[in-house]
Amino acid sequence: MAAKLPDHDEIADIFLRLGALYPPSELHGFLLGQLVIGQRIEEKTLREQVAQLLDCDAFPDDDWAVLMQVYQAASEQLGADIHATSLLLPGDEVDLGQRVASVGSWCQGFLTGFAMAGKVREQQEGKQQYSAAVSEILNDMASISQAGLDDEAGAEAEDQFRELVSYLEMATVSLFVECCSQSALTGDHPAPKQLH
């Protein structure tokens, strides 16, 4: 069974203490964006990346331990059952508009992480090319990152939101399968499990 992501509010509290201006969803997207390419991140490098993303000089050890759990859970979820991946978003008690904004931030983080890992992989392996399916998903994420919310909120809007989140969860797994099947993974990064 894959590890569970830390609680969104716990991460938000850490960000508040650190003075970070980004939502927790952006960090989670950023990490998954790298992981779907098969990029394994050493803890020292990860700490530097997160510090740069959040514009923080240093992390207290307790806070860093929780932020590391976000990376570890994201990595484990990708390598587990195809439905194990979930997004780090605020709970249903939070206003729908804020949850939609968090999804947009998640997509922005994902695209940043994906681009960063793609450059590293290109340097290591030469020219990087992706399938049409990968490009389509990335374009969808770019569109979603700019999306707002209609004035109407209610059951229909909640249903649309859940469908959007489900799409992104499955799209993340699809990208992992597509990108990691294009070249052999090194080290002990989890390989995706397919449904039979």
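Mentor: In this predicted model, residues 24 or more positions apart account for 80% of the contacts in the protein chain with a separation of 6 or more.

Trainee: What makes a pair of residues a contact here?

Mentor: Heavy atoms within 4.5 Å make a contact. Phe110, for instance, touches Gly29, Phe30, Leu32, Gly33, Val36, Leu138, Met141, Thr172 and Leu175, leaving aside residues up to four places away in sequence.

Trainee: Which elements does the protein chain have, and in what order do they run?

Mentor: The protein chain has seven helices and zero strands. From the N terminus on, the order is α-α-α-α-α-α-α.

Trainee: Why is Val100 called buried?

Mentor: Buried means under 20% relative accessible area. Val100 has 11% relative accessibility, so Val100 counts as buried. Val100 is found in helix H5, residues 96-125. The C-alpha atom of Val100 is separated by 9.3 Å from that of Ser145, 45 residues apart along the chain.

Trainee: Why is Asp55 called exposed?

Mentor: Exposed means over 50% relative accessible area. Asp55 is at 67%, so Asp55 counts as exposed. Asp55 lies in the loop between H3 and H4.

Trainee: What is the phi of Asp55?

Mentor: Asp55 has a positive phi of about 60°, although Asp55 is not a glycine. Most residues other than glycine have a negative phi.

Trainee: What share of the protein chain is buried?

Mentor: Of the 196 residues in the protein chain, 47% are buried.

Trainee: How many residues does the largest nonpolar core have, and which have the most contacts inside it?

Mentor: That core has 55 residues, and Phe59, Leu67, Phe110 and Met141 have the most contacts inside it. The elements that give two or more residues to this core are H1 (8-18), H2 (24-35), H3 (43-54), H4 (61-79), H5, H6 and H7.

Trainee: How are H6 and H7 packed?

Mentor: Helix H6 (residues 132-146) and helix H7 (residues 155-180) pack at an angle of about 145°, and their axes are 10 Å apart. The crossing of H6 and H7 is left-handed. The contact includes Ala133, Ile137 and Met141 of H6 and Leu164, Leu168 and Leu175 of H7.

Trainee: How do the residues of the contact of H6 with H7 divide?

Mentor: They divide into twelve nonpolar, two polar and two charged. Asp and Glu count as charged; Asp140 of H6 and Glu178 of H7 are among the residues of the contact.

Notes: Residues numbered from 1 in each chain as written. Predicted model: local features only at pLDDT ≥ 70, side-chain atom pairs only at ≥ 80, totals over all residues. Heavy atoms only, no water. Axes fitted to C-alpha atoms, helices over the stretch in contact; angles between N-to-C directions. Helix = DSSP H or I, 4+ residues; strand = E, 2+ residues; numbered from the N terminus. Left-handed = near helix turned anticlockwise from the far one by under 90°. Buried < 20%, exposed > 50% of the residue type's maximum accessible area, 1.4 Å probe, protein only. Core = buried A, V, L, I, M, F, W, Y, C linked by side-chain atoms within 4.5 Å.
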